[in-house]
Amino acid sequence: MDDDADKRATHGQYLILPKPSWELLLPPITVEEWFERSGYDEWPLPVEKDLCDVKKEFSDLYCTEDEMLAKFIEGIEISMEPYDVVEKQVEQLEEKLKKYSELLLEDRESVHKRDSSLSFIPASFCMGGSSNAEIIENVRSRKPMELPEVTQTGGRAKIVQYALFPGFDEWELTPLPRQIESPHILNKVTQGLTIEDCYMKAWKKYFFSQGSVALLQDIFWWVLMDRFCPNSREQDRLYNRISDSYVSLFLGIEEKYKDFFFSLYPEALAQALYSAFCNVYTNSIKDFDDDFKTYICNITSEWICGSRPKPLCWKHWPYHLLQPSKLSIDHEPSKAGFKLSSQESQVEDQPTTPLLFETPKAVTDSHPIGAGPKFERVQFNIFGRSPLVSHYLDARHLGHDVPGQRLVARTQVDTVGAEHPTYREILHQTKKVYKQLEVEHKRAVTMCEQDRRRVTRRYQKEIEELKLIKKELMKHKNEVKGLSEKIVEYQNSDMYEPGLSSDFVLEPYINYYREVLKEKKKKEQMEMIPEDV
């Protein structure tokens, strides 16, 4: 049986049991047993090394903060190799960029040689059997040029008096200063217009075209030189290109849209010019006043339509779109003769929110006081052309075989009368002055009443005082007799004049008895005070 058990234990079928001859070693139960088995005779163990030896061996751990920082800096080694690799890669990219940019961008000299025979007449417009390419394809927008140092230092770039024209380029348009984009200006103008949906697509197509952009930028520089930095030679060159751009724009518009487009285009172009000046020269907003707006409206309308626009058409412009968003200025014209605030110029009875089933009352404009506008009769040629078209044809010696003139009489406004003050403003101002006078009158009445009461109290006080003096004086009959004799002598003397009082005779006695009464009052007050106090 024992042999079989050993075999089974050998094959791993059962656990191996300890034999009686084996010694079983149990784990220590107490600390003393553990010390005894581990061979530790004493605890804690004696220190084998001195602390000074440890500091010497581990000097990096036992040091001050400054010493540790110095060792840390000495142990750092910065390799410049990665920086050199990046620099080489940047140089390689620059060489590649230069190589490929030369393939994409044309040299200006080569363009001049190739297009030296081009004109600004569009290809669809032929005269004398010669066809030409469209102006807008040849005139490309120029990259922003560096203006002189005068216009780039500090805030001078935003002041129109320091503005300078960069120079005319026959083949490239001069961009607006300070990187102002023309399409952005035209988009703001479009947002402020009221256009039917059926015409909006056509309006955007032609108003945002390259011909319209060319007109805006060239007229901007022409107006700048005409108003602030005159240069007749550059203005003539710009005017030539303005006429070419206008003819190209005019011939590129479909016939069914021309009447609609050019009925709005002159005023829209004037708004775009005003917005461009305000956004470029933000520190010169005050220079772009009512006269300036009238000037650009007359320029655009006379050049495009051949006649002046409606007076004061700029009063209804959407200034919140045309001007920079951070600016807020008063757009109301100056009111000569009256200093009326913005609240006074409004209607006295402000319209409120209408209640249910209540129709709001229509507010009519008030007529200005004084003379109205002056009119004049002028002649208008119904077979004539706009100045830009006439200049374009005259420059090419064309258009002489046109029908004769046909003049008609036309009435237009010569001078606009003063719009302010109006009758409503005068009435409002009068009511305000009346209220102020009424307040001042009440204040004066109150002050007079206070003075009257003060004088009355003083008079009563003096009457009582005189009664006491009279009573005190009557106690001394001899003095009364002497005083009476002095008054009689004064009336019989040459110094006496009818109407004059004899106060100088009575004044010494009055002052004397006044002092006597004061002394009596003091004594009475002293007697009323208790002795303990």
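1. Asp244 is buried, with a relative accessible area of 5%; here buried means under 20% relative accessible area, exposed over 50%, and partly exposed in between (1.4 Å probe, protein chains only). The model is predicted: local features need pLDDT of at least 70 and side-chain atom pairs count only at pLDDT 80 or more, whereas totals for chains, interfaces and linings use all residues. Residues are numbered from 1 along each chain as its sequence is written, and side-chain values use heavy atoms, with hydrogens and water left out.

2. Asp244 forms a salt bridge with Arg396, with 3.4 Å between the closest N and O atoms. The criterion is a side-chain nitrogen of Lys or Arg within 4 Å of a carboxyl oxygen of Asp or Glu. The pair links distant parts of the chain, 152 residues apart: Asp244 sits in helix α11 (residues 232–251), and Arg396 in the loop between α15 (387–395) and β4 (407–415). Helices (H or I, at least four residues) and strands (E, at least two) are DSSP runs, numbered from the N terminus. Arg396 is partly exposed, at 23% relative accessibility.

3. The salt-bridge count comes to 11 by this rule. One of them joins Glu255 to Lys258, with the closest N and O atoms 3.0 Å apart. Both residues belong to helix α12 (residues 255–280); because they are three residues apart, about one helical turn separates them. Glu255 is exposed, at 62% relative accessible area, whereas Lys258 is buried, at 9%.

4. In helix α16 (residues 423–474), Glu440 and Arg443 are three residues apart, about one turn of the helix. Their side chains form a salt bridge with an N to O distance of 3.4 Å. Arg443 is partly exposed, with a relative accessible area of 45%, and Glu440 is also partly exposed, at 43%. Salt bridges with shared partners also join Glu449, Arg452 and Arg453 into one network.

5. A nonpolar surface patch is formed by Leu69, Phe72, Ile73 and Ile76, which together have about 420 Å² of accessible area. Patch members have over 30% relative accessible area and no salt bridge; like charges are joined within 9 Å, and nonpolar side chains (Val, Leu, Ile, Met, Phe, Trp, Tyr) within 5 Å. Accessible areas come from the Shrake-Rupley method with a 1.4 Å probe, and for residues only the protein chains shown count as cover. Phe72 lies in helix α4 (residues 65–75) and is exposed, at 53% relative accessibility.
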